[in-house]
Amino acid sequence: MSTESRNWDGAEFPYRRTFAPVDLSALRHNLAALRAALPEGVRFCAVVKADAYGHGFAGMAEVFSEYADCYAVAAVSEGIELRRVPALEKAPILILGDVDEGEYGDLLSYGLTASVSSLSEAEALSALSVREGKTAHIHIALDTGMSRIGLPADEDGIRELALISKLPGISIDGIFTHFATADETDKARTEQQAERFRTFLNRADALCIDTGIRHTANSAAILEGIGLQYDMVRGGIAMYGLYPSDEVKKEISLLPVMQLKARITHVKEIAPGTEVSYGGIFRAEKRMLVGTVSAGYADGYPRNVSGKGMEVLVRGRRCPVLGRVCMDQLMIGLDGVPEAKKGDIVTLFGTDGDACIPLEELAKKSGGFHYELLCGVNKRVPRVYFGGQKA
């Protein structure tokens, strides 16, 4: 990967406010690394719910199409959006969340695959499929310990599965479970879930029930080498260059794909004793240079970092966030960068030359979670895709 693409700084970007550079070369690197860790023949399902974890799927679709065999989202509405992307007109799209009976018509019309957690769901979908003369494609969700959705991984679940397999207008294309603790060092509970999944599959095989594609591995499991013996894996946060937790193996190299940047809109010197921002929780102890930055919590920069010692980057140097983060603006100390001026780019998370503010640092200081910070970057923040032919 070229240094030039990783260090694109947005200096020529026309927007004067907040923007999110998205590095397509980093995405390609991560996808290639994750696929290389899989045994030959194992399919790769790209989890692109929440508009690709906030990165903006449409701008990344071409790269995804080079590596993904299928896609997964959380809702039918997201599946419809994906189906409208030219490269995904025929691609398998799995809805991981619940599908309301009122959405079954859209499910069939757009050729989406539902996750089914009960016989009653399958019966309702079967009835509509028969009436419309279509086939509904489903994956069976199996609850092995997440306690979220899915058939119970016991004899009751087997009985329901057997009945579902005989319904007209239904094609069982796959079966899956989701690991609750694969990102933790202690794998005891993950091993319990894996054993319940294996036992359930063995029972289904003994009854000659075709369960289709079998998959368990999320990002953490891929990185830990768990569940790779099945037909498919589901890549999520790792595709976007972040490790699910500090406890997973880092043997697969990942590069962060998104950054968040803004502009300095005002620079001034304040006197000792001057309060900064709402509530006056920061009071200057000496004369100091303060910059106003065009980003706030409505852009996805967490207000909870207020007063927590968080920093940003200006001209490759760290500068402290002062006082409370506002809805659309925040203030920073510029004593360490006295040459800073209006229009300079501020890196809220990401890189500036050799310096870096990792998203994990922002998550820790805000008391949040790096997944949610990515998903929380507001729609008004334009995503700028680079690392391809041009930004």
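Q: Which elements each supply at least two residues of the lining of the second largest pocket?
A: Strand S3 (70–73), strand S4 (93–95), helix H6 (104–109) and S6 do. These labels are DSSP runs numbered from the N terminus (helices: H or I, at least four residues; strands: E, at least two). This is a predicted model: local features need pLDDT of at least 70, side-chain atom pairs pLDDT 80 or more, while totals for chains, interfaces and linings use all residues. Residues are numbered from 1 along each chain as its sequence is written, and side-chain values use heavy atoms, leaving out hydrogens and water.

Q: What makes S6 stand out in that lining?
A: S6 gives the most to the lining of the second largest pocket, with 3 residues.

Q: How large is the second largest pocket, and which residues are closest to its centre?
A: Its volume is about 300 Å³. Of its 23 lining residues, Pro92, Ile93, Thr113, His137 and Asp173 are the closest to the centre. A pocket is an open set of points on a 1 Å grid over the protein atoms alone where a 1.4 Å probe fits, with protein on both sides within 12 Å along at least five of seven lines; lining residues have an atom within 4 Å of a point.

Q: What is known of the lining of the largest pocket?
A: The largest pocket holds about 620 Å³ of space. It is lined by 31 residues, with Lys49, Met146, Arg148, His178 and Asn218 nearest its centre. Helix H3 (49–53), strand S6 (136–143), helix H10 (219–224) and strand S10 (232–235) each give two or more residues to this lining. By class, the lining has 17 nonpolar, 9 polar and 5 charged residues.

Q: Which members of the largest nonpolar core touch the most others?
A: Among its 128 residues, they are Val48, Phe57, Met60, Phe64, Tyr71, Tyr301 and Ile332. Helix H2 (residues 24–36) gives the most to this core, with 6 residues. Apart from it lies another core of 8 residues, including Val276 and Leu322. A core joins buried Ala, Val, Leu, Ile, Met, Phe, Trp, Tyr and Cys through side-chain atoms within 4.5 Å.

Q: Why is Ala50 called partly exposed?
A: Its relative accessibility is 35%. Buried means under 20% and exposed over 50%, with partly exposed in between (1.4 Å probe, protein chains only). Ala50 therefore counts as partly exposed. Ala50 lies in helix H3.

Technical notes. Points joined across faces, edges and corners; volume = space filled by probe spheres on them. Nonpolar A, V, L, I, M, F, W, Y, C, P; charged D, E, K, R; others polar.
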